[in-house]
Amino acid sequence: MSDLQVAPADAHEDQDEGRLLAALRTGDEAAFLALIDRHGGAMLRMARLFVRSPEAAADVVQETWLGVVRGLDRFEGRASVRTWIFRILLNRARSRGQRDGHWITFSALAGREAARGPAAIDPAEFSDDPSSWPGHWVREPRRWAASAEEELLSAELLRHVSDAIAGLPTAQRTVIELRDVGGWAAADVCSLLDISEVNQRVLLHRARSRVRALLDGYLHDR
Amino acid sequence: MGISMTADRSVAPGGISCREFVEVVTDYLEGVLPGEVRVRFEAHLAGCEGCAAYLEQMRRTLLLTGALGTESLPVEGRDRLLDAFRGWRDADRTDARGTVET
């Protein structure tokens, strides 16, 4: 098993959840601002996936927070606060998208992207050449330089990761944003986006495969 | 580079090809590969340097992608939101649901 395996931060967030909600309901401004700071970036990234302009995305985020404030009394805590907030965000983005004539249901998009293309990795990477077993690498991947993590986490490299994600089709991008950037658990993503576990995984697989390939190109071409 | 641990290169380690290996990497990392397939996956991993490097790259990719999540973007209109929050808090709760509507 991998140490990277589905590592949602949710487990210990659960117990914080009740405290957070109680603080919000008593009107704790610091709790509210902390919530905005914690999710605001991810919300803006997510909104950008569904509406045309950065301005529209910022509007959607604003409307979402106003919706959160209005809904605080009614929120029953059946989903996590985060899932609740992002559901409101998706609804607001949908309204905005519809108004701008720019919306198709996510599950339709997800189905299409998950179905398209037979393989996530370019088939030309592999060969049935008899010099090795069938379906072997044409050129075996090489480990990325074992340079210090600080180099690996350089701002330049992170920009490449960000660009790689930005270039993905919308459904793939949404799933990788939530899962790998946002640290959401698979089940929460399926629930938020109303997609099957299988589709969620196919989208994640395509997205990760693509991002890895782009990074590999970048890291070996430097 | 690329030295395989298996002597016989006509047979893929674990009985799965590299082409198949890369397509189930996500299922492996997600922990949803059926037991028997996982055993073959890991046998392939042990015998194929290229796929071992691939998996390692994928793990690094996940670390990098996760690092993006720590970036915080400035939230516009924080003041306006705080006003809305105060409005909700300070309104008479019995009609709070209507009063914050703008």
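These legends go with several close-up views of a predicted model.

**View 1. Chain A and chain B meet in this view of their contact.** To trace who takes part, start with the two sides: chain A brings 57 residues to the contact, and chain B brings 51. On the chain B side, five helices of chain B each supply at least two residues: α1 (18-23), α2 (25-29), α4 (49-68), α5 (78-90) and α6 (96-99). Look for α4(B) here, as this helix gives the most, with 16 residues. What kinds of residues make up the side of chain B that touches chain A? They divide into 22 nonpolar, 16 charged and 13 polar.

**View 2. C48(B) sits in a loop of chain B.** You can find this loop between α3 (35-47) and α4 of chain B. Is C48(B) buried or exposed? It counts as buried because 28 C-beta neighbours lie inside 10 Å, and the cut-off for buried is 20 or more. Now follow chain B on to A84(B): C48(B) and A84(B) are 36 residues apart in sequence, and their C-alpha atoms are 59 Å apart in space.

**View 3. Residues 96-102 of chain B have a pLDDT below 50.** Even so, this stretch has 14 contacts in the model beyond near neighbours in sequence. Where pLDDT is low, the predicted coordinates should not be read in detail. For chain B as a whole, the average pLDDT is 83, and 77% of the residues score at least 70. The scores for the model are ipTM 0.81 and pTM 0.81.

Key
Residues are numbered from 1 along each chain as its sequence is written. Chains are lettered from A and ligands numbered from 1 in the order in which they are written. This is a predicted model: local features need pLDDT of at least 70, side-chain atom pairs count only at pLDDT 80 or more; totals for chains, interfaces and linings use all residues. Two residues are in contact if their C-beta atoms, placed from the backbone, lie within 7 Å. Helices (H or I, at least four residues) and strands (E, at least two) are DSSP runs, numbered from the N terminus. Ala, Val, Leu, Ile, Met, Phe, Trp, Tyr, Cys and Pro count as nonpolar, Asp, Glu, Lys and Arg as charged, and the others, Gly among them, as polar. pLDDT is the predictor's confidence in each residue, from 0 to 100. A residue is buried if 20 or more other C-beta atoms lie within 10 Å of its own, exposed if 12 or fewer, and partly exposed in between; C-beta atoms are placed from the backbone.
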